[in-house]
Amino acid sequence: MSLQGDLKDGSSLYYSLLWVNDQARERFVNRLTLINALASTLDDVQEPQVAEKKIHWWHEELQRMNDGQARHPAAKSCQDDLNGLDKAQAVCLEILSVASSQRFSPATTIEAHKLATLQSYTARLALLAHALSNDEADLATSTHTAEAALAFGHYDQLSKLPTLVHRGLPVFSDELYRQFKVQPNDMAARIRVATVEADTDTSSLKGIPVIAENTTEKPSVQPLIDHAIDVARAAFDEAVQHPQTGKRYREPALRPLWRLLILRQQQLKLWQKKRPDLLRERLTLTPLVKLYYCWRNKC
């Protein structure tokens with residue numbers, strides 16, 4: 001949640017939603033699809049003029065969704081539940097606003113990056129909580145905790161790292177790159193060229209030059225990834241231990257979000273122990289481990 005992922009058997013979302021009724025599960029999946037459509041709408045856009053048109057279209061589409069006249073499949077699937085809810089339209093616009101800023105005005109400082117993550121993921125939590133509860137009060141972003149929002153944001157950043165770098169997104173703030181004496185192109189050098197999609201220009205990959213396999217890689221890239229893993233692990237520990245976060249998401253209707261928080265925390269523990277190169281490797285919990293932690297947090 002992103003809060004990203006899918007509902008295939010064995011996935012974290014699959015286990016997090018195991019004990020949810022069919023209607024709430026469908027709302028959750030539809031809401032997640034809408035969130036991902038909004039958050040990724042500018043990922044492949046290079047020209048500001050094109051971005052401006054897409055943002056304007058989405059502003060109109062969110063109003064159409066509010067009026068029950070949506071056109072985009074992701075918006076159409078949600079409009080019966082969000083029709084007439086101005087709060088829902090507002091939180092969708094929050095996600096869209098951050099996506100636009102991150103694409104063309106990326107954060108220069110660690111604090112600015114944190115604030116952008118908080119803005120986007122608090123809005124995402126509000127939409128997903130409402131999908132589970134169908135209670136309009138859950139659309140108020142003020143009812144969701146910064147600790148949970150930041151933790152989920154850190155996880156998505158790491159889990160999507162190769163994709164984001166492929167698309168020319170900076171991922172981290174300028175300040176953090178300077179701390180480790182790394183540039184976005186250095187990150188691209190770690191990605192295996194073999195993963196380039198067939199329809200991608202061989203000379204570039206979504207705005208970042210593709211680096212040949214024999215190019216010398218900067219040794220400071222992995223320490224940056226390790227640092228990001230450590231920060232994310234700390235964020236999840238703080239979220240899980242935070243009294244208000246536990247109180248908020250251990251409510252019966254919102255329990256799937258709590259289970260997902262626990263699973264992401266365990267994933268970060270695994271990454272911190274194994275120290276994978278997340279630009280090249282995927283390391284996940286086994287389905288049995290996921291089921292175990294979700295069962296422990298069933299009620």
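The buried residues of α15 pack against α1 (12-16) and α14 (255-274), where contact means heavy atoms within 4.5 Å. Keep in mind that this is a predicted model, where local features need pLDDT of at least 70, side-chain atom pairs count only at pLDDT 80 or more, and totals for chains, interfaces and linings use all residues. Residues are numbered from 1 along each chain as its sequence is written, and side-chain values use heavy atoms, with hydrogens and water left out.

**Helix α15**
- This helix covers residues 287-296, and Lys 290, Tyr 293 and Cys 294 are buried in it. Buried means under 20% relative accessible area, exposed over 50%, and partly exposed in between (1.4 Å probe, protein chains only).
- Look down the axis of α15 and its buried residues fall within an arc of 100°, so they line one face of the helix. The arc is that of the directions from the helix axis to the C-beta atoms.
- Turned away from that buried side is a face with the exposed residues Leu 288, Trp 295 and Arg 296.
- Helices here are DSSP runs (H or I, at least four residues), numbered from the N terminus.

**Two loop residues with positive phi**
- Val 171 isn't a glycine, yet its phi is positive, at about 70°. You'll find Val 171 in the loop between α9 (161-166) and α10 (174-179), and at 10% relative accessibility it counts as buried.
- Arg 275 isn't a glycine either, and its phi is positive at about 55°. Arg 275 sits in the loop between α14 and α15, and at 31% relative accessibility it counts as partly exposed.
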